[in-house]
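Hi there,

Here is the structure I promised to pass on.

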Amino acid sequence: MSLKISEEEFKKILESGKRVDGRAFTELRPINIRLGIVERAEGSCLFEMGHTKVLCVVRGPTECVPAYIADPERAVLDVAYRMCTFSTEERKSPTPSRREVELSKVIREALEPSILLEEFPRMMIKVYCLVLQADAGTRTASINAASLALAQAGIPLRDLVTSVAVGYCYGNIVVDVCSIEDELCADIPIAMLPAYRKITLLQSDHRLPIDRLSEILSTAIKAIDQIYELQKKALKEYYLSSTKTGD
Amino acid sequence: MASEFLSSIHREFLSNIEKESIFSHISRGKRLDGRDLLEMRKLELIPNCIEKAEGSCIAKLGKTSVLAGIKISVGPPYPDTPNQGAFVVNMETMPIASPSFELGPPNEIGIEYARVVDRSIRSSNFIKLEDLVVEPEKYVYVMFIDIYPINDHGNLVDAAFYATLGALLTTRIPKVEIGDKGPVILKNETKPLSLNIELMPIQLTYAKILDKIVLDPTHQEELVSGYKLTLAISKNDLVATQKSGAGVLDIDDFLAAVRDLKERSNLIKDLVLKQTLG
């Protein structure tokens, strides 16, 4: 995991049509989804993407606290994204960083369009994402996990939200970046309502040639469609197994 | 209990009559202040307004105004970039600029905007960080870029960006000598900050209102918008993207906004350089 590699070696591997971890350019890391693993929560999901592991819990709809932020027309959505101190190579301080505050906001805004918040005026829906292990793509894994936890909690949704980070490495477009790629290339996290073809999260912070943007987005959408199928499958399996046990 | 950052923000309201009047103008391709949908407010930069700062600038975007100042110190480099200077962008959100801000540490919006401005500047390689080294692997210049909104009449994030750009363009780096007790800053001997002017980023923010995209939203427009999209380009590359707000974005709107920014960037670049370097 903590494999170090020089830029030259990295480029050489890309030129051979492969990626540092042996994947093809548009190949996702193995995804493992478990639902309903926190008994005291209305919804919960453990979402693993390669070495990245995120646990997400949904509580509510519940009373809005503090009451003055209640909205008479819709529920308030509160999202907190946090990382375990041991989730990274170097210990992360438990105090929320500026990055965690920003990610809580963008994750909230990525989930909000999917939820029928107007069904629960004056209430609050809470989403807590905890990164257990970080190996790139923690915000996208958090969104995938949160959306499934919301569905499992029985909160009415327009669609699931599905998210992936695409990378742009020396002219190549790669899907679902790993941590080495995250360090050496541009990564573009995207979240969508797949059934509506609408984007709910989009960020970037590296040089991206303008004439490749459309290709980058369409590559991301193909990957999102694959993850969306896995999300739906996990939900179905969860409901089938929970009805089988009776009650 | 809600996360501290959600509860630190007052919810602002717009009367239905104001909302409807914005909508009816926008659906006819006009805006309340008379602008066209893709028209920016007047950008005005007032550099060197704080003598004690190594760089400073007020940026006005219509009635929105923001002050940015830069202080420089010397310290050890980050372990992963031993031969590069460092900079940090921070934005305070005092109740001076808006009734929705409260005293206390920067709120969610302040943190987001500071990080967006940081990414626009950093990923463009506008600042020649390799020139900000005092003694390789030991001492580098550290620039603290602090942004104070003065009046929030909408699109603070772009005003903050241009204030930062103006401050960087006029920053003077003091000379540093390494004495027995470590580095000594010589405030009287300064030189301009070394910048890659040809890579200067240009940032603009678009907002989705109804089914239309407007450039440089006002405060009222922000309250009724679905999302805001902040983009920065440098030469022919997109260097920063941030979708902010809970609306949904169409791919075509994103690509159209990038094209619009590309078309405008040279004009804005000339304006910024003229108002700062003369």
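B:Gly62 takes a positive phi near 60° in the hairpin of strand 2 and strand 3 of chain B, which has two residues between the strands. This is a predicted model, where local features need pLDDT of at least 70, side-chain atom pairs count only at pLDDT 80 or more, and totals for chains, interfaces and linings use all residues. Residues are numbered from 1 along each chain as its sequence is written, chains are lettered from A and ligands numbered from 1 in the order written, and side-chain values use heavy atoms, without hydrogens and water.

Strand 2 (residues 55-61) of chain B pairs antiparallel with strand 3 of chain B over seven bridges (pairing takes at least two DSSP bridges; strands are DSSP E runs of at least two residues and helices H or I runs of at least four, numbered from the N terminus). Across that pairing, B:Lys60 stands opposite B:Ser65.

Strand 3 of chain B also runs antiparallel to strand 6 (residues 139-151) of chain B, joined by 11 bridges, and B:Lys71 has B:Phe144 as its bridge partner there. Of the 12 residues in strand 3 of chain B (64-75), 10 are buried (under 20% relative accessible area, 1.4 Å probe, protein chains only).

Happy to go through any of this with you.

Best wishes

Notes:
Buried < 20%, exposed > 50% of the residue type's maximum accessible area, 1.4 Å probe, protein only.
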